Amino acid sequence: MQRWRGVNIGKHVHWGTDVTVDPPYPYFLVVEDGVSLAGNDYILTHNKPLAYHKTCSESYVAPVYIRKNAWVAVNVTILPGVEIGEGAIVAAGSVVNKDVPPLMMAAGIPAKPIKDMSEKLRCNYSEEEFERLLKMRKEKYNI
């Protein structure tokens, strides 16, 4: 059903119950291979304030990327323009308003990286792939 709406969904994705994708712009969501969306998650790809609030918040549409093997736990809200990095975990009940770096766990409102899981997840990668991810994470997120 979500693919029919235009959501780009990879292979071997776990799509839990009550995952809501922003109705006007579902095609701005990319869910890569191996992702788990646990359930009761809300993924927004646009922000459109009421006319009354237009001076307080800009109106925009921005893609959301949930990269390979990321795990989004239950009751998570993801705001427009966010990237959940490869292998990352977003803890239950979090509100994600900024990118989550690869191989990190993020939690809270707003979600912030709280734990580096790279060494525990290293076994899932070849040495070259793992080093590539760490290099990209350092360049993009200074971690």
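How exposed is Tyr25, by relative accessibility? I looked it up: Tyr25 comes out at 27% and counts as partly exposed. My scale calls a residue buried under 20% relative accessible area, exposed over 50% and partly exposed in between, with a 1.4 Å probe and protein chains only.

Ground rules before I go on. This is a predicted model, so local features need pLDDT of at least 70 and side-chain atom pairs count only at pLDDT 80 or more, while totals for chains, interfaces and linings use all residues. Residues are numbered from 1 along each chain as its sequence is written, and side-chain values use heavy atoms, with hydrogens and water left out.

**Rings.** I searched the whole structure and got four aromatic pairs. One of them is Tyr25 with Tyr27, edge-to-face at 6.2 Å centre to centre and 75° between the planes. For pairing, rings of Phe, Tyr and Trp (its six-membered ring) need centres within 6.5 Å; planes under 30 degrees apart are stacked, over 60 edge-to-face, and the rest tilted. Tyr27 is partly exposed too, at 49% relative accessibility. Tyr125 and Phe130 make a tilted pair, 6.5 Å centre to centre with 45° between the planes. Both Tyr125 and Phe130 are buried. I also noted one aromatic cluster made of Tyr25, Tyr27 and Phe28.

**Sheet.** I traced an open sheet of four strands, β1-β4-β9-β12, with parallel pairing. β1 (8-9) and β12 (83-84) sit at the edges with a single partner strand each, so one side of each has no neighbour in the sheet. Strands here are DSSP runs of E, at least two residues long, numbered from the N terminus, and two of them pair if DSSP finds at least two bridges between them. β4 (residues 29-31) and β9 (residues 64-66) are joined by three bridges. Val30 has Tyr65 in β9 as its bridge partner.

**Core.** Which residues touch the most other members of the largest nonpolar core? Out of its 23 residues, I got Leu29, Ile43, Ile66, Ile78, Ile84 and Val96. Such a core is a set of buried Ala, Val, Leu, Ile, Met, Phe, Trp, Tyr and Cys residues joined through side-chain atoms within 4.5 Å. I checked Val96 for contacts (heavy atoms within 4.5 Å). Leaving aside neighbours within four places in sequence, its partners include Val76, Ile78, Ile84 and Ala111.

**Cysteines.** I counted zero disulfides, taking a pair of cysteine sulfur atoms within 2.5 Å as the rule. Cys56 is exposed at 65% relative accessible area, and Cys123 is exposed at 66%.
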